[in-house]
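This briefing goes through one structure by topic. Please keep the sequence and the model open while reading.

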Amino acid sequence: MELSKWDRRFLGLAAHVSAWSKDPSTQVGSVVTNDKRVVSLGFNGFPQGMSDDHRLHDRETKYSLVLHAEENALLFSGADLRGSTIYVYPLPPCSRCAAKIIQSGITRVVTTIPEEMSRWEESVALTRTIFEEVGIEMVEVPINLL
């Protein structure tokens, strides 16, 4: 599928936002839009007010505390997201975030697929299945085509 110039712009913005994450191993950015306007942004990280300290380097603790980029974008939106699009870079939403995206009313997801995805493949396969089941359009673009 050919991406529109707006899809490219918003995926590029999600890539830019991903760099704001302090996570030393995986930086993810998310942008929610409606009618070509940015509604909310998010990146993966600890809840506000928590220090970005040694816990970022302890994988088990980090996974227990970190909020995903999609979660932050949804939580900070403060808007009705029905009919919106969410852009996620560089990984597709995990199945837990997919469930939250469904509940928010978002109807379209545009994301990139990294060259190496084996670690997340099972969760992303479930994401594809549940998005298809509820009628959410998921556009996946190989990351090397951006």
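In which helix does Lys62 lie? Lys62 is part of helix 2, which runs over residues 59-65. The model is a predicted one.

**Lys62**
- Lys62 has a relative accessibility of 3% and therefore counts as buried, the cut-off being under 20%.
- Beyond its neighbours within four places in sequence, Lys62 makes contact with Asp23, Ser25, Phe46, Arg55 and Leu56.
- Phe46, one of these contacts, is 16 residues from Lys62 along the chain, with 8.0 Å between the two C-alpha atoms.

**Helix 1**
- Helix 1 covers residues 5-18, which is 14 residues.
- From first to last C-alpha, helix 1 reaches 20 Å, close to the 20 Å expected at 1.5 Å a residue.
- The buried residues in helix 1 are Asp7, Phe10, Leu11, Ala14, Val17 and Ser18.
- These residues lie on the same side of helix 1, because the arc they cover around the axis is only 115°.
- An α-helix has 3.6 residues a turn, so residues three or four places apart point the same way.
- The cover over the buried residues of helix 1 includes strand 1 (29-34), strand 2 (37-43), strand 3 (85-89) and strand 4 (108-113).

- Five strands form an open sheet in the order 2-1-3-4-5, and the pairing is mixed.
- Strand 2 and strand 5 (137-142) are the edge strands; each has a single partner strand, so one side of each has no neighbour in the sheet.
- On average, neighbouring strands of this sheet are turned by 15° against each other, direction ignored.
- The pairing of strand 1 with strand 3 is antiparallel and runs over 5 bridges.
- Ser30 has Val88, in strand 3, as its bridge partner.
- Helix 1 packs on the sheet and touches strand 1, strand 2, strand 3 and strand 4, its direction making about 50° with that of strand 3.
- Helix 5 (residues 121-134) also packs on the sheet, where it touches strand 4 and strand 5; its direction makes about 145° with that of strand 5.

**Cysteines**
- The number of disulfides in the structure is 0.
- Cys94 counts as buried at 18% relative accessibility, and Cys97 counts as buried at 1%.

Key:
Residues numbered from 1 in each chain as written. Predicted model: local features only at pLDDT ≥ 70, side-chain atom pairs only at ≥ 80, totals over all residues. Heavy atoms only, no water. Helix = DSSP H or I, 4+ residues; strand = E, 2+ residues; numbered from the N terminus. Buried < 20%, exposed > 50% of the residue type's maximum accessible area, 1.4 Å probe, protein only. Contact = heavy atoms within 4.5 Å. Expected span 1.5 Å × (residues − 1). Arc of directions from axis to C-beta. Pairing = 2+ DSSP bridges. Axes fitted to C-alpha atoms, helices over the stretch in contact; angles between N-to-C directions. Disulfide = S-S within 2.5 Å.
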